[in-house]
Amino acid sequence: MGSENLAYALIQVVHNFGAAAVLGGAVFILWPMPRLEFAHAFARLILLAWGAQIASGILFGLTSLYYYGETPDLSKLAMAALAIKVVAAISGLLLTAGYLLRRRSWPRWQVKRIFQWLAALAAIALTAAAFLRWFS
Ligand code: HEM
C-alpha cells in the first residue's frame, strides 16, 4: 500500500507540474500583453511539459497494471475524457515541435495564434482531467 501510494503520488507530482507548465507557459507569452521575444525559450519548456504529461499519463496506467494486473475499468464518459486528454497532449506536443522547427518562417501574428492554440489545448485537457477524475 505504501509503495503503491508513493508511486501514484510521485507520478502525480510530475503530472501536476506538467499541467501547470503547459497552461502557464502559453498564457505567460500572451497575457497581459504578447511577449513573443520569450516564445522560443518557453516553447522548449512547453514541449518538455507536454512530453512529461504523456509519459506520466502512461506511467499512471503502467502502475495500475503492476499493482492490480489491469488498468481501471472506466465509464464511457471517463474514457471520452481520457481520449480528449490524449488527443490534446499529442496535438500540443506536435504543434510545439512544429513551431520550434519552423519558427523563423512564421510572422508574429501566426506565432501568437500558435500560443493561443497551445493555451486552448491545455485548458481543454485540464477540463477533461476533472471529468476523468469524477466520472471514473
Ligand atoms: C497522454 C495524455 C494523458 C494521460 C494518459 C493522462 C492520464 C491521467 C490519469 C490516468 C490520471 C489519474 C486519474 C484519476 O486520478 O482518476 C490523470 C490525472 C490528471 N491529469 Fe492527466 N493524462 C494525460 C494528459 C494530461 C494533460 C495534458 C493534462 C493537463 C494539461 C492533465 C491533467 C491532469 C490532472 C490535473 C489530473 C489530476 C486530476 C485529479 O485528480 O483531480 N493530464 N491523468
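Which residues of α3 are buried? In this predicted model, the buried residues of α3 are Ala78, Ala81, Lys85, Ala88, Ala89, Gly92, Thr96, Tyr99 and Leu100. The report below sets these residues in the context of the chain, and then turns to the ligand.

## The chain as a whole

The chain contains four helices and zero strands, and its elements, taken from the N terminus on, run α-α-α-α. Along the principal axes, the C-alpha trace spans about 50 × 30 × 25 Å.

Of the 136 residues in the chain, 29% count as buried.

## Helix α3 and what covers it

Helix α3 takes in residues 76–102, which makes 27 residues, and the distance from its first C-alpha to its last is 38 Å, close to the 39 Å expected at 1.5 Å a residue. The cover over the buried residues of this helix includes α1 (2–30), α2 (39–68) and α4 (108–134).

The buried residues of α3 include Ala78 and Ala81, and also Ala88, Gly92 and Thr96. An α-helix has 3.6 residues a turn, so residues three or four places apart point the same way.

## Helix α1

Helix α1 has 29 residues, which at 1.5 Å a residue should span 42 Å, and this agrees with its end C-alpha atoms, which are 42 Å apart. Its buried residues are Glu4, Ile11, His15, Gly18, Ala19, Ala21, Val22, Gly25, Ala26, Ile29 and Leu30, and they pack against α2, α3 and α4.

Histidine 15, which is found in helix α1, counts as buried because its relative accessibility is 11%, and buried means under 20%. Valine 13 also has its place in helix α1, but at 41% relative accessibility it counts as partly exposed, because that value lies between the 20% and 50% cut-offs. The C-alpha atom of valine 13 is separated by 20 Å from that of serine 136, a residue 123 places away along the chain.

## The ligand and its surroundings

The ligand sits in the largest pocket. The shell around the ligand draws at least two residues from each of α1, α2, α3 and α4, and α4 gives the most, with six residues.

There are 19 residues around the ligand, and those that come nearest are Gln12, His15, Gln53, Lys85 and Arg133. For histidine 15, a polar side-chain atom lies 2.8 Å from a nitrogen atom of the ligand, while for lysine 85 a polar side-chain atom lies 2.5 Å from a nitrogen atom of the ligand. In the case of arginine 133, an N or O atom of the side chain is 3.4 Å from an oxygen atom of the ligand.

## Where the two parts of the picture meet

Lysine 85 belongs to the buried residues of α3 and is also one of the residues that come nearest to the ligand. Histidine 15 is likewise buried, in α1, and is listed among the residues nearest to the ligand.

Leaving aside residues up to four places away in sequence, histidine 15 touches Gln53, Ser56, Gly57, Phe60 and Lys85.

Methods: Residues numbered from 1 in each chain as written. Predicted model: local features only at pLDDT ≥ 70, side-chain atom pairs only at ≥ 80, totals over all residues. Heavy atoms only, no water. Expected span 1.5 Å × (residues − 1). Buried < 20%, exposed > 50% of the residue type's maximum accessible area, 1.4 Å probe, protein only. Contact = heavy atoms within 4.5 Å. Near = heavy atom within 4 Å. Polar contact = N/O pair within 3.5 Å; in protein donor to acceptor, adjacent residues only side chain to side chain. 1 Å grid on protein atoms, 1.4 Å probe; cavity = no way out; pocket = protein on both sides within 12 Å on 5 of 7 lines; lining within 4 Å. Sits in = over half its atoms within 2 Å of the grid points.
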